[in-house]
Amino acid sequence: MFDIGFAELLLIAIIGLIILGPERLPHAIRTVTLWVGRIRRGFTAMKSEIEREIGADEIKRQLHNERIMDELKQAQRSLQENVEDVKHGLDNSIHPTLSEPSSSSVQPAATDSKAPPTIKPYTVSQSAPETGKNEVPAEKSAHQSDS
(Lines give C-alpha, C1' and ligand atoms only; values in the text may rest on other atoms or scores of the structure.)
Protein backbone atom coordinates (compact mmCIF):
# COMPACT_ATOMS: atom_id res chain seq x y z
CA MET A 1 0.00 0.00 0.00
CA PHE A 2 2.46 2.61 1.17
CA ASP A 3 6.13 2.24 0.38
CA ILE A 4 7.38 2.79 3.90
CA GLY A 5 10.62 1.02 4.74
CA PHE A 6 12.18 0.15 8.05
CA ALA A 7 14.14 3.41 8.24
CA GLU A 8 10.94 5.48 7.89
CA LEU A 9 9.17 3.43 10.55
CA LEU A 10 12.13 3.86 12.93
CA LEU A 11 12.11 7.62 12.35
CA ILE A 12 8.34 7.83 13.04
CA ALA A 13 8.76 5.75 16.22
CA ILE A 14 11.53 8.04 17.51
CA ILE A 15 9.50 11.19 16.81
CA GLY A 16 6.46 9.64 18.48
CA LEU A 17 8.52 8.67 21.53
CA ILE A 18 9.83 12.21 21.82
CA ILE A 19 6.40 13.84 21.39
CA LEU A 20 4.16 11.41 23.32
CA GLY A 21 6.60 10.02 25.83
CA PRO A 22 7.17 6.41 26.82
CA GLU A 23 3.91 6.13 28.79
CA ARG A 24 1.43 7.10 26.06
CA LEU A 25 3.31 5.75 23.00
CA PRO A 26 2.11 2.08 23.26
CA HIS A 27 -1.53 3.21 23.56
CA ALA A 28 -1.12 5.57 20.56
CA ILE A 29 0.47 2.81 18.44
CA ARG A 30 -2.41 0.45 19.33
CA THR A 31 -5.00 3.10 18.35
CA VAL A 32 -3.25 3.85 15.05
CA THR A 33 -3.05 0.14 14.16
CA LEU A 34 -6.77 -0.28 14.96
CA TRP A 35 -7.65 2.59 12.67
CA VAL A 36 -5.40 1.29 9.91
CA GLY A 37 -7.05 -2.16 10.27
CA ARG A 38 -10.54 -0.64 10.08
CA ILE A 39 -9.64 1.36 6.98
CA ARG A 40 -8.17 -1.75 5.31
CA ARG A 41 -11.28 -3.81 6.13
CA GLY A 42 -13.48 -1.01 4.78
CA PHE A 43 -11.53 -0.90 1.51
CA THR A 44 -11.61 -4.69 1.26
CA ALA A 45 -15.38 -4.78 1.87
CA MET A 46 -15.94 -2.03 -0.68
CA LYS A 47 -13.75 -3.83 -3.22
CA SER A 48 -15.55 -7.14 -2.74
CA GLU A 49 -18.98 -5.44 -2.99
CA ILE A 50 -17.98 -3.74 -6.24
CA GLU A 51 -16.67 -7.05 -7.61
CA ARG A 52 -19.93 -8.75 -6.59
CA GLU A 53 -21.98 -6.05 -8.31
CA ILE A 54 -19.88 -6.25 -11.45
CA GLY A 55 -20.18 -10.03 -11.38
CA ALA A 56 -23.95 -9.82 -10.87
CA ASP A 57 -24.27 -7.37 -13.77
CA GLU A 58 -22.23 -9.67 -15.99
CA ILE A 59 -24.38 -12.65 -15.01
CA LYS A 60 -27.57 -10.69 -15.68
CA ARG A 61 -26.22 -9.55 -19.04
CA GLN A 62 -25.16 -13.10 -19.93
CA LEU A 63 -28.56 -14.53 -18.95
CA HIS A 64 -30.30 -11.83 -20.99
CA ASN A 65 -28.11 -12.59 -24.00
CA GLU A 66 -28.77 -16.34 -23.65
CA ARG A 67 -32.53 -15.70 -23.48
CA ILE A 68 -32.34 -13.55 -26.63
CA MET A 69 -30.28 -16.22 -28.40
CA ASP A 70 -32.86 -18.89 -27.47
CA GLU A 71 -35.66 -16.71 -28.82
CA LEU A 72 -33.71 -16.12 -32.05
CA LYS A 73 -33.05 -19.85 -32.48
CA GLN A 74 -36.73 -20.59 -31.88
CA ALA A 75 -37.76 -17.97 -34.44
CA GLN A 76 -35.23 -19.37 -36.90
CA ARG A 77 -36.62 -22.89 -36.48
CA SER A 78 -40.15 -21.61 -36.95
CA LEU A 79 -39.14 -19.69 -40.06
CA GLN A 80 -37.37 -22.72 -41.51
CA GLU A 81 -40.46 -24.86 -40.88
CA ASN A 82 -42.62 -22.27 -42.64
CA VAL A 83 -40.22 -22.11 -45.59
CA GLU A 84 -40.23 -25.90 -45.87
CA ASP A 85 -44.05 -25.94 -45.75
CA VAL A 86 -44.24 -23.31 -48.50
CA LYS A 87 -41.67 -25.20 -50.61
CA HIS A 88 -43.60 -28.43 -50.16
CA GLY A 89 -46.86 -26.69 -51.05
CA LEU A 90 -45.34 -25.11 -54.15
CA ASP A 91 -43.78 -28.39 -55.24
CA ASN A 92 -47.13 -30.13 -54.87
CA SER A 93 -48.97 -27.41 -56.80
CA ILE A 94 -46.41 -27.24 -59.63
CA HIS A 95 -45.76 -30.97 -59.93
CA PRO A 96 -48.92 -32.79 -58.83
CA THR A 97 -48.39 -36.45 -58.16
CA LEU A 98 -50.02 -39.02 -60.38
CA SER A 99 -51.75 -40.63 -57.44
CA GLU A 100 -53.77 -37.48 -56.76
CA PRO A 101 -55.65 -36.64 -60.01
CA SER A 102 -57.45 -33.34 -60.08
CA SER A 103 -61.15 -33.60 -60.90
CA SER A 104 -61.05 -30.53 -63.15
CA SER A 105 -58.09 -31.60 -65.28
CA VAL A 106 -58.95 -35.26 -65.93
CA GLN A 107 -62.20 -36.40 -67.53
CA PRO A 108 -63.42 -39.98 -67.75
CA ALA A 109 -62.84 -41.78 -71.01
CA ALA A 110 -65.71 -41.28 -73.43
CA THR A 111 -67.39 -44.16 -75.18
CA ASP A 112 -68.94 -41.84 -77.73
CA SER A 113 -66.73 -40.80 -80.68
CA LYS A 114 -68.17 -37.26 -80.59
CA ALA A 115 -67.05 -36.70 -76.97
CA PRO A 116 -64.71 -33.74 -76.39
CA PRO A 117 -61.03 -34.57 -76.01
CA THR A 118 -59.59 -34.90 -72.52
CA ILE A 119 -57.97 -31.82 -71.04
CA LYS A 120 -54.31 -32.11 -70.15
CA PRO A 121 -53.07 -30.50 -66.95
CA TYR A 122 -51.43 -27.13 -67.40
CA THR A 123 -47.69 -27.17 -66.79
CA VAL A 124 -45.41 -24.20 -66.41
CA SER A 125 -42.48 -24.31 -68.80
CA GLN A 126 -39.19 -22.58 -68.20
CA SER A 127 -38.72 -21.28 -71.76
CA ALA A 128 -40.94 -19.18 -73.97
CA PRO A 129 -42.85 -20.98 -76.74
CA GLU A 130 -40.87 -21.16 -79.93
CA THR A 131 -42.29 -19.87 -83.16
CA GLY A 132 -41.14 -21.20 -86.49
CA LYS A 133 -39.23 -18.98 -88.89
CA ASN A 134 -41.82 -19.46 -91.55
CA GLU A 135 -44.71 -18.49 -89.31
CA VAL A 136 -45.92 -14.92 -89.44
CA PRO A 137 -47.50 -13.50 -86.29
CA ALA A 138 -51.22 -12.75 -86.55
CA GLU A 139 -50.76 -8.97 -86.28
CA LYS A 140 -48.25 -8.83 -89.13
CA SER A 141 -50.32 -11.00 -91.39
CA ALA A 142 -53.36 -8.77 -90.85
CA HIS A 143 -51.32 -5.67 -91.69
CA GLN A 144 -49.79 -7.29 -94.73
CA SER A 145 -53.19 -8.21 -96.13
CA ASP A 146 -54.33 -4.57 -95.79
CA SER A 147 -51.39 -3.25 -97.81
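Helices of at least four residues and strands of at least two are taken from DSSP runs and numbered from the N terminus. In this predicted model, the protein chain contains three helices and zero strands. Read from the N terminus, its elements follow the order α-α-α.

The surface of the chain may be considered next. Of the 147 residues in the protein chain, 3% are buried. The chain exposes about 14400 Å², and carbon and sulfur atoms supply 60% of that area.

After H1 comes Gly21, a residue with a positive phi near 90°.

Leu10 belongs to helix H1. Its relative accessible area is 43%, so Leu10 is classed as partly exposed. Gly16 also lies in helix H1. Gly16 counts as buried because its relative accessibility is 15%, and the cut-off for buried is under 20%. In sequence, Gly16 and Ile29 are 13 residues apart; in space, their C-alpha atoms are 9.1 Å apart.

Leu10 can also be viewed together with other nonpolar residues. A nonpolar patch on the surface is formed by Phe6, Leu10, Leu11, Ile14, Ile15, Ile18, Ile19 and Leu20. Together these residues have about 840 Å² of accessible area.

The aromatic rings remain to be examined. In general, a pair of aromatic rings is described by the distance of the centres and the angle of the planes. The structure holds zero aromatic pairs.

Terms used:
Residues are numbered from 1 along each chain as its sequence is written. This is a predicted model: local features need pLDDT of at least 70, side-chain atom pairs count only at pLDDT 80 or more; totals for chains, interfaces and linings use all residues. Side-chain values use heavy atoms; hydrogens and water are left out. Buried means under 20% relative accessible area, exposed over 50%, partly exposed in between (1.4 Å probe, protein chains only). Accessible areas come from the Shrake-Rupley method with a 1.4 Å probe; for residues, only the protein chains shown count as cover. Rings of Phe, Tyr and Trp (its six-membered ring) pair if their centres lie within 6.5 Å; planes under 30 degrees apart count as stacked, over 60 as edge-to-face and the rest as tilted. Patches are made of residues with over 30% relative accessible area and no salt bridge: like charges are joined within 9 Å, nonpolar side chains (Val, Leu, Ile, Met, Phe, Trp, Tyr) within 5 Å. A salt bridge is a side-chain nitrogen of Lys or Arg within 4 Å of a carboxyl oxygen of Asp or Glu.
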